[in-house]
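This report describes one protein chain for a reader who is new to structural work. Please keep the sequence and the model in view while reading.

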Amino acid sequence: NLFLDFGGIVDFGEEVPLLNFTAQVENANLSKLNIYQRDSLFHSIVSTTIHVNGSGSGLGNIQGEANAYSTSYIERPIIQSDTDTTRYHSVSTDVIALENRISDSNHKQLRFYSDFLDFQISGKLHFEKLMTSVNQFVYNYIPSRFEKSPSPLEDEESSDQLADFSIHIKNLDSLLEIFMPEVQIAPHSFFNGNLNTTTHEV
């Protein structure tokens, strides 16, 4: 279900663990590993080479860089003859880059680059509570499409998200065709704005 070649260090001896490693992953069957399966009739298979150089003990203080090279996602039918080499849904990319920096004032800057889109967000961010905060934020405007969180966040002040963001859509056609075929987004689209979950403004 998986071939993994790992080299480098993961040092938990420091107060903040250090990460510096390269991992080559070949033919990871996400379906058989119970990680992800988009369609019950297909296996979801990923191959990539990942390099990580950073530090952190959790989402709240992790910083550094993570790059994925020669990444491919392929869906193969679960029932397939030995002579059938047809590849069904597939998508690939040369480089996916993710970088997060934290300043002395706890200002965070997250950058994501790929062949599909570039994304940057910076400001007062709490990554460990970001999805919950955004879900509550969107619920105020579209309650019919999003569920209200079952319970309020334990620390409302520490869950506030205040940030500027920019998104450059390069070309999402190959991804949308597989994962969201009903959605179309024009290539070379740009989105810029800011997010404030305290005042519910975007």
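## Surface and overall composition

The protein chain exposes about 13000 Å², and carbon and sulfur atoms supply 54% of that area. The model is a predicted one. Of the 202 residues of the protein chain, 31% count as buried.

Two helices and nine strands make up the secondary structure of the protein chain. Read from the N terminus, the elements follow the order β-β-β-β-β-β-β-α-β-α-β. Among contacts between residues at least 6 apart in sequence, 53% join residues at least 24 apart.

Which residues make the nonpolar surface patch? The patch covers about 950 Å² and is made by Leu 2, Leu 4, Phe 6, Val 10, Phe 12, Leu 33, Ile 35, Tyr 36, Phe 179 and Met 180. Strand β1 (residues 3–11) contributes the largest share, three residues.

Phe 12, another member of the patch, is found in the loop between β1 and β2 (18–29). Its relative accessibility is 64%, so Phe 12 counts as exposed, the cut-off being over 50%.

## Aromatic pairs

The structure holds two aromatic pairs. One of them is formed by Tyr 73 and Phe 179, whose rings are tilted, with 5.3 Å centre to centre and 45° between the planes. This pair links distant parts of the chain, since Tyr 73 belongs to strand β4 (residues 63–77) and Phe 179 to helix α2 (residues 173–179), 106 residues apart.

Are the two partners buried or exposed? Tyr 73 is buried, with a relative accessible area of 9%, whereas Phe 179 is partly exposed, with a value of 35%. Phe 179 is also one of the residues of the nonpolar patch.

Thr 48 lies in strand β3 (residues 42–55). At 9% relative accessibility, Thr 48 counts as buried, because buried means under 20%.

What does Thr 48 touch, not counting residues up to four places away in sequence? The contacts are Ala 23, Gln 24, Val 25, Ala 68, Tyr 69, Ser 70 and Thr 71. With Tyr 69 there is also a polar approach: the backbone oxygen of Tyr 69 lies 3.4 Å from a polar atom of the Thr 48 side chain.

## Salt bridges

The count of salt bridges comes to four. In one of them, the side chains of Arg 38 and Glu 75 meet at 2.7 Å, N to O. Arg 38 lies in the loop between β2 and β3 and Glu 75 in strand β4, so this pair ties together parts that are 37 residues apart in sequence. Arg 38 is partly exposed, with a relative accessible area of 29%, while Glu 75 is buried at 0%.

Another salt bridge joins Glu 65 and Arg 101, with the closest N and O atoms 3.0 Å apart. Glu 65 lies in strand β4 and Arg 101 in strand β5 (residues 90–102), so the pair ties together parts 36 residues apart in sequence. Both partners are partly exposed, Glu 65 at 36% and Arg 101 at 33%. The side chains of Asp 118 and Lys 170 also meet in a salt bridge, at 3.1 Å, N to O. Here Asp 118 in strand β7 (residues 117–124) is linked to Lys 170 in the loop between β8 (162–169) and α2, 52 residues apart. Asp 118 is buried, with a relative accessible area of 18%, and Lys 170 counts as partly exposed at 24%. Finally, salt bridges that share partners join Glu 65, Glu 99 and Arg 101 into one network.

Methods:
Residues numbered from 1 in each chain as written. Predicted model: local features only at pLDDT ≥ 70, side-chain atom pairs only at ≥ 80, totals over all residues. Heavy atoms only, no water. Patch = residues over 30% accessible without salt bridge, like charges linked within 9 Å, V, L, I, M, F, W, Y side chains within 5 Å. Areas by Shrake-Rupley, 256 points an atom, 1.4 Å probe, with all protein chains shown as cover. Helix = DSSP H or I, 4+ residues; strand = E, 2+ residues; numbered from the N terminus. Buried < 20%, exposed > 50% of the residue type's maximum accessible area, 1.4 Å probe, protein only. Phe/Tyr/Trp six-rings, centres within 6.5 Å; stacked < 30°, edge-to-face > 60°. Polar contact = N/O pair within 3.5 Å; in protein donor to acceptor, adjacent residues only side chain to side chain. Contact = heavy atoms within 4.5 Å.
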